[in-house]
Amino acid sequence: MPLPNNCFLIPRARRAAAGLAAALALVAHGAAAQISDDVVRIGLLTDMSGLFSDITGRGSVVAAQMAIEDFGGQVRGKKIELLFADHQNKADIAANKAREWFDQHQLDMMADVTGSAPAIAVLEVARQKNRITLFSGPGSERLSNDLCAPTSVHYAYDTYAVANATAQALTRRGDSRWFFLSSDYTFGHSLEASAAKVVKAHGGQVLGAARHPLATSDFASYLLQAQASGANVVGLANAGADTVNAIKSAAEFGLTQDGRITMASLLLFINDVHALGLEQAQGLVLTEGFYWDMNDATRAWSQRFFERVKRMPNMSQAGVYSSLMHYLKAVEATGTDQAQAVMQRMKATPINDFFASNGQIRADGRMVHDMYLFEVKKPNESKAPWDYYKLLATIPGDKAFLPLADSQCPLLKQ
């Protein structure tokens with residue numbers, strides 16, 4: 001039989017060598033496509049005892065445990081293990097723990113990492129060790145902007161998205177003269193800068209800013225600066241207990257009683273509203289990536305979470321579960337826990353679950369999904385415990401997060 005024009009004969013020795021090479025390639029591929037040390041080992045660093053413990057902490061650990069349990073406790077017959085620790089909101093502790101887990105415990109990936117400074121520290125360790133990081137707790141947009149890494153994903157929210165929606169909504173309704181009260185670290189600086197940019201872009205003014213250390217209890221001097229500035233909005237570029245304390249102090253100080261000043265929290269979680277109570281929190285406008293009472297799927301998962309934690313989940317905690325399920329599905333599909341292969345699968349696969357609809361991980365590591373603008377209900381509008389939000393607007397993911405055209409991520413230039 002004549003051979004096609006594009007074929008050629010290989011001498012017997014060359015055919016044998018070619019066959020051996022192909023066999024070796026298959027063996028190598030099979031060796032690579034395996035679970036290292038026969039365990040998928042997940043690490044979770046969070047704030048278990050500090051000012052962010054209510055919005056991450058034990059709730060994030062429970063969310064991770066639920067994901068592992070729902071996946072069946074194993075991937076392709078290999079056990080899934082979870083390590084977790086309190087980084088005490090200190091970057092050096094977070095970095096040292098990450099290095100220890102990667103080097104001594106063969107950790108495959110890291111999740112949550114509450115707090116921007118600890119997250120940035122862990123990101124650099126993971127970059128050196130070629131490990132996956134899935135950030136649901138920290139807010140700094142730098143994690144998927146100038147500090148982006150090939151195997152890192154910023155999952156639940158970021159400072160750009162929450163500041164963009166909240167500041168735009170308030171400025172458009174006439175609250176246009178802003179003074180910022182910001183936590184004095186990476187997260188607060190980033191949140192303030194993002195909101196200020198939006199305020200100015202919509203014709204508003206930034207009249208000043210005051211920065212406070214973490215875990216501040218006395219906000220009187222900062223609020224006096226805000227009042228003296230002539231602002232009609234005090235933008236709170238902080239989170240957790242700092243946000244709660246600032247809002248309580250403003251109420252005690254009488255800053256908002258005459259209606260001339262609006263307290264605008266640029267990052268508020270449902271746990272914060274619960275701590276404040278509707279009497280003090282009513283009317284606050286905020287942006288979140290998740291709310292437990294959105295639909296049947298969010299309610300079903302949140303009720304399971306509530307049974308364990310006795311609190312409803314927020315976007316960070318729901319993001320931990322969703323991100324780990326997406327990771328484990330990628331490990332199962334690829335048959336390996338090798339970082340590049342798993343991340344390639346994660347970026348190629350849309351995310352459709354109770355947390356996100358048609359979510360997508362971009363080239364810069366930003367998981368893009370819809371965000372939601374809410375207003376906190378008045379006490380007489382709430383029909384049950386944790387019934388705190390009314391939906392004002394849905395912001396499509398491509399409008400909520402930093403456009404790729406404005407990104408400084410080096411991966412986009414490769």
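## A buried cysteine and its partner

Let's start with Cys409, which counts as buried at 1% relative accessibility; buried means under 20% relative accessible area, exposed over 50%, and partly exposed in between, using a 1.4 Å probe and protein chains only. The structure is a predicted model, in which local features need pLDDT of at least 70, side-chain atom pairs count only at pLDDT 80 or more, and totals for chains, interfaces and linings use all residues. Residues are numbered from 1 along each chain as its sequence is written, and side-chain values use heavy atoms, leaving out hydrogens and water.

Which residue does Cys409 pair with in a disulfide? The partner is Cys148, with an S to S distance of 2.0 Å; the criterion for a disulfide is a pair of cysteine sulfur atoms within 2.5 Å. The link is right-handed, with 85 degrees about the S-S bond. It ties together distant parts of the chain, 261 residues apart: Cys148 sits in the loop between β5 (132-135) and β6 (152-154), and Cys409 in the segment after α14 (397-400). Here helices (H or I, at least four residues) and strands (E, at least two) are DSSP runs, numbered from the N terminus. Cys148 is buried too, at a relative accessible area of 3%. A search of the whole structure finds 1 disulfide.

Asp364 lies in the loop between β12 and β13, and it is buried at 2% relative accessibility. Setting aside residues up to four places away in sequence, Asp364 touches both Cys148 and Cys409, along with Ser144, Leu404, Ser407 and Leu412; contact means heavy atoms within 4.5 Å.

Arg362, found between β12 (360-361) and β13 (367-368), counts as buried at 17% relative accessibility. A polar atom of the Arg362 side chain lies 2.9 Å from the backbone oxygen of Leu402.

## Helix α6

Helix α6 (residues 186-201) has 16 residues and should span 22 Å at 1.5 Å a residue; its end C-alpha atoms are 23 Å apart, which agrees. That expected span is 1.5 Å times one less than the number of residues. Among the buried residues of α6 are Phe187, Leu191, Glu192 and Val198. They are covered by elements including α4 (116-129), α5 (159-172) and β8 (205-212). After the helix comes Gly203, with a positive phi near 85 degrees.

## Two packed helices

How do α11 (residues 296-309) and α12 (residues 315-334) pack? Their axes are 12 Å apart, at an angle of about 105 degrees. Axes are lines fitted to C-alpha atoms, for helices over the stretch in contact, and angles run from 0 to 180 degrees between N-to-C directions. The pair is therefore roughly perpendicular, given that angles under 35 degrees count as roughly parallel, over 145 as roughly antiparallel, 65 to 115 as roughly perpendicular and the rest as oblique. Trp301, Arg304 and Phe305 of α11 meet Gln317, Ala318 and Tyr321 of α12.

Definitions and conventions
Polar contact = N/O pair within 3.5 Å; in protein donor to acceptor, adjacent residues only side chain to side chain.
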